[in-house]
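Here are a few notes on the charged side chains. Please keep the structure open while you read.

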Amino acid sequence: MDIIAVNNFGDTRDGGLAGPAGLFLIVLMCIATVALIRNMNKRIRRLPDSFDEEAERARVAEIARLDADLERSGGDVADRVEADRSAKTTPAVEDEVTAVPEPKHESASDSGRPAQ
């Protein structure tokens, strides 16, 4: 009965530093989390209540200007593409395959019976 209760994990007294090291890491992660939360709260408080509509208008105007530049420089690229290139083509119709005879293979379980 003593064989079942033998401690095969070695001397556990050498690992006495694991507890304090784990505690240190947990406390360090808690401090880092609190610092991150405070920093994020400060950044959120600095945001305006609503964003300027002027910035939105400037963004839309910039997009319109870039579109106009694109049209002037290259024209419409789709004009140079073949008109029927994306048209759906119908596949060629093939005759239906009917009644293909399959060869019979004799297996080990059929060895006692005659082949048909």
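How many residues apart in helix H2 are Arg 72 and Asp 69?

1. They are three residues apart, which means that about one helical turn separates Arg 72 from Asp 69. Their side chains form a salt bridge, with N to O at 2.7 Å. Bear in mind that this is a predicted model.

2. Arg 65 and Asp 69 are four residues apart in helix H2, so about one helical turn lies between them.

3. Arg 72 is exposed, because its relative accessibility of 64% is over the 50% cut-off. Arg 65 is partly exposed at 41%. Asp 69 is also partly exposed, with a relative accessible area of 26%.

4. The pairs belong to a wider set. A network of salt bridges links Glu 62, Arg 65, Asp 69 and Arg 72. The count of salt bridges in the model is four.

5. Helix H2 covers residues 53–74, and Glu 56 and Arg 59 sit three residues apart in it. These two form a salt bridge, their closest N and O atoms being 2.9 Å apart. Glu 56 is partly exposed at 39% relative accessibility. Arg 59 is partly exposed at 46%.

6. Now turn to helix H1, residues 18–46, where Arg 46 is found. Arg 46 is exposed, with 62% relative accessibility. A positive surface patch is formed by Arg 46 together with Arg 38, Lys 42, Arg 43 and Arg 45.

Technical notes
Residues numbered from 1 in each chain as written. Predicted model: local features only at pLDDT ≥ 70, side-chain atom pairs only at ≥ 80, totals over all residues. Heavy atoms only, no water. Patch = residues over 30% accessible without salt bridge, like charges linked within 9 Å, V, L, I, M, F, W, Y side chains within 5 Å. Areas by Shrake-Rupley, 256 points an atom, 1.4 Å probe, with all protein chains shown as cover. Lys, Arg positive; Asp, Glu negative; His and termini not counted. Charge placed at Lys NZ, Arg CZ, Asp CG, Glu CD. Helix = DSSP H or I, 4+ residues; strand = E, 2+ residues; numbered from the N terminus. Buried < 20%, exposed > 50% of the residue type's maximum accessible area, 1.4 Å probe, protein only.
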